[in-house]
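Here is a short note to read beside the model. Take the points in order, and find each residue on screen as you go.

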Amino acid sequence: KPPPKQIKIAPPVTTTGLTDVDVRSGMQVAALKQAVTDHLRYSIGHPPVATTLHDYYYALALAVRDRMQHRWLNTLQTNFDLKRKIVCYLSAEFLMGPHLGNNLLNLGIEQEARAALAELGQDLDIVLECEEEPGLGNGGLGRLAACYLDSLATLQRPAVGYGIRYEFGIFDQEIHDGWQAEITDKWLRYGNPWEIAKPEVAHYVNWGGHTEYYRDEAGNDRVRWMPYRVVKGTAYDTPTQGYGVNNCNTLRLWSAEAVESFDFQAFNTGDYYQAVEDKIISETVTKVLYPNDEPQIGKHLRLGQQYFFVSCSLQNMLHILSLSGVPVENFAERYAVQLNDTHPSIGVVELMRLLVDERRLDWDKAWAITVQTFGYTNHTLLPEALETWPLPMFQALLPRHLEIIYEINRRFLDEVRARFSGDEARVARMSLIGEEGEKCVRMAHLAAVGSHAINGVAALHSDLLKASVLKDFYEMWPERFSNKTNGVTPRRFLALANPGLRALLNEALGEQWPVNMEQLHQLEAKADDAAFRRKWRAIKEANKKRLADYILAHTDIELDPTWLFDIQVKRIHEYKRQHLNVLHIVTLYRRLKENPGLNISPRAFIFGGKAAPGYFMAKRIIKLINGVAETINADPDVNTRMKVAFVPNFNVQNAQLIYPAADLSEQISTAGKEASGTGNMKFMLNGALTIGTLDGANVEIREEVGAENFFLFGLTTEEVEHIKREGYHPTDCIASNSELRTVLELINSGYFSRGDAEVFRSVVNNLTYSDPFLVLADYAAYVACQERVSAAWQDKENWTRMSILNTARSGKFSSDRAIREYCDEIWNVQPATVKL
Ligand code: GL5
């Protein structure tokens, strides 16, 4: 298709003499108030008597979106004009969190919006709570993608996030009798003011069928894919506004629909069901997010989702490239495509198919473009999370892709043999096809072979990657490997989540710190200033009060904001060891019962996190936390000094209340298992001290903050591996520690389950006879470390000092630092300033 003719049209002029753009981008209170009123009337259309709080949310959201729209269009135009290279971040998950507060912050119009609403008799804070957050992700991986979009826009880098518009995101969690109940997340129920449907931006995606060989006009052998079904993907765009800049990038999510809503042929012959079947099957593709955090769920539909969004995205890039008049040979000069884990790694094969079969490039040229285009980020070493697809399933869904994979593999293994001649064991290990047991396609190998850059997400994790799952690939291409330690956006997780601290930082450092986190180092001098420490404590206590109110409203548990708030929020997983935390709580409980005069620092133990619905042990751990909470909170012997609360439905919205209220951050995974963690960084930013193992980014957090400001315990990765090699016997830990034995017995006895001795048997037995994550091996060290925490808390001034130093030294963990590294070292993408 030739590029469309560009006809320049002047923006419409209103009767006031201002252009429409001027009016719609007005940031003043009066303009915002008028915009909200207009949207209430013209976009929502309820009479005053029927206007709800949600209507005010929606109207303000639309008014804010109008103000971003101008910036968004200018960003697209600028990128087009400057012909800059664009980052395409391919991710099956984007856990964006509520948009309204963040967009007001990034546009710098919170105060104006607050005043405008006040003039309309509404309170911004209450209106903000109306937003149903788009839960299009499970946990760290999806939230990382959202932080990276924030930094990309803020650093003025042209970028598009490509993903899936799930109709149902991550389930809402309710707690019924201590158990997790999963409620469907109907986030689109009342509409989504942030997205702009682009029905004209659509691509067609094939499924199944077979391939045919033919000879083209020039006499070349070619392949044609004859699919069984075609699904249409339509774009929904969400503008993502940078902080303090005009740049506003795009999150483009694909929604699946049938090519024709009705098969008229079938309909006319009277087969009504056949006619609607296609529509139903097609639309299933983007119905629901798989709620599993790490382990793979080898489901046909999941592979379908991955292929669907990746194919739409790559077709979209090719389409835009041709609109820009850039030859397809220059694809890699215009696009840097990042694979967020292996979920989009089918993209390597799809780009080859598009270039070779559809654009008729020769194989070598296409392969050079492909490898130059892709980068691959690995996010986990857990063996059960490494994606593989059974060959028959893959063949049935993507017959042409399997052929291409065989050809990539053939050429690749020739290279391996040339480099390591005679080493057939290595060839088998590295093959894209796994042959032990059921034959399968190994997606991590595919991603590694098809990418010029491969990275882990924390220094330790990147080292382990090179030494374990991708060792052979590291030996083959050491130059492809690097580390990119994760980061989090200080805009959402500090400025927005912690307005008290924001004000203090503004006063102490000026207002540039949100985009220059290294400035936080200037706080170090203030750590010794008693007046500053008092202010710091007052802010923390107000945040704790805010969280206590929230917890009371949602659980009926009353917490005292003067106590130490000890918090573990993250997905529930055995490797993250929430049960180790519980063992400490029960230990402390028993000690207090036996020795009522014991001097401990009063503590609130706070948990939050979802369990994958099919993860038996994780769901028991939630029940255990709630059982222990129920018993302890009701026991007058101890409940003036300790309490336990499980915050239901941990999500981005309540995370913004939780991180700022923490005194102690629990980062207690088995060493070598947590790739990085990002919650650990959000706590640090907000001045929490960490109790943690040498795992993931904890290592770097401790390096930054100093060993004296970090509570370290537990086995190292090497020690864990050593113990496992030698044969680990958790019963030995129990035999040598009578306190541990009593704690386990108490849990097993039904004491925390109203006398039911069955409920927690599986948890206790698992720890006693298997304990795959070395909970018992680390128990004694953890309890001892918690005693050090307790003692340190008693010295308020020094604790505050350490808290200040944590924030002061958290600059490294800004996602801006991470994104700069990706841009400079992997993507080669430069900033493009957008003018209005
Ligand atoms: C994860 C890791 O488990 C986390 O340690 C990491 O911080 C995050 C982002 O890199 O990626 N991998 C993964 O599959 N999920 C994660 O949170 O869901």
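Predicted model: local features only at pLDDT ≥ 70, side-chain atom pairs only at ≥ 80, totals over all residues.

1. Is S431 buried, partly exposed or exposed? S431 has 15 other C-beta atoms within 10 Å, so S431 is partly exposed. A buried residue would need 20 or more, and an exposed one 12 or fewer. S431 sits in the loop between α16 (424-430) and β13 (433-434). Leave aside its neighbours within four places in sequence, and S431 is in contact with N409 and L413. Now look across to I539. S431 and I539 are 108 residues apart in sequence, and their C-alpha atoms are 56 Å apart in space.

2. **The two domains.** The protein chain is divided into domain 1 (83-98 + 133-484) and domain 2 (524-819). Note that domain 1 is written as two stretches, 83-98 and 133-484. Taken over C-alpha atoms, the centres of domain 1 and domain 2 are separated by 36 Å. The contact takes 41 residues from domain 1 and 32 residues from domain 2.

3. **The domain 1 side of that contact.** Which elements give two or more residues to the side of domain 1 that touches domain 2? They are α7 (140-154), β3 (172-176), β4 (179-183) and α18 (459-467). Of these, α7 gives the most, with 9 residues. By class, this side of domain 1 has 18 nonpolar, 15 polar and 8 charged residues.

4. **The ligand.** Where does the ligand lie? Domain 1 and domain 2 both give residues to the shell around the ligand, so the ligand lies between them. The ligand is surrounded by 17 residues. The closest are G140, L141, H379, A675 and S676. The shell divides into 4 nonpolar, 10 polar and 3 charged residues.

5. **An annotated lysine.** The UniProt record, an unreviewed entry, carries the annotation "modified residue: N6-(pyridoxal phosphate)lysine" at K682. Find K682 in helix α26 (residues 679-685). K682 is buried, because 29 other C-beta atoms lie within 10 Å. What does K682 touch, not counting residues up to four places away in sequence? The answer is V488, F493 and Y659.

6. **The nonpolar core.** The largest nonpolar core has 233 residues. Those with the most contacts inside the core are L60, C88, I625 and V628. Helix α3 (residues 53-82) gives the most to this core, with 11 residues. Domain 1 and domain 2 each supply at least three residues to this core. Take C88 as an example. Not counting residues up to four places away in sequence, C88 touches V160, Y162, S313, M317, Y335, A336 and V337.

7. **A helix to trace.** Helix α27 spans residues 698-705. Its buried residues are N698, V699, E700, I701 and V705. An α-helix has 3.6 residues a turn, so residues three or four places apart point the same way. What do the buried residues of α27 pack against? They pack against α18, β20 (664-667), α26, β21 (689-692) and α33 (796-808). So far, α18 has come up on the domain 1 side of the contact, and α26 as the helix that holds K682. After α27 comes G706, whose phi is positive, near 95 degrees.

8. Most residues other than glycine have a negative phi. Two residues here are worth checking against that. Phi of Q156 is positive, near 65 degrees. Q156 is in the loop between α7 and β2 (159-164). Q156 has 19 other C-beta atoms within 10 Å, so Q156 is partly exposed. Phi of N828 is also positive, near 55 degrees. N828 lies in the segment after α34 (815-827). N828 counts as exposed, because N828 has 12 C-beta neighbours inside 10 Å.

9. A202 lies in strand β5 (residues 196-207). Is A202 buried or partly exposed? A202 has 17 other C-beta atoms within 10 Å, so A202 is partly exposed. A202 touches K232, G233 and T234, not counting residues up to four places away in sequence. A202 and V743 are 541 residues apart along the chain, and their C-alpha atoms are separated by 59 Å.

Key: Residues numbered from 1 in each chain as written. UniProt positions renumbered as here; feature names shortened; annotations may be inferred. Helix = DSSP H or I, 4+ residues; strand = E, 2+ residues; numbered from the N terminus. Contact = placed C-beta atoms within 7 Å. Domains from an automatic or database assignment. Nonpolar A, V, L, I, M, F, W, Y, C, P; charged D, E, K, R; others polar. Near = placed C-beta within 6 Å. Core = buried A, V, L, I, M, F, W, Y, C linked by C-beta atoms within 7 Å.
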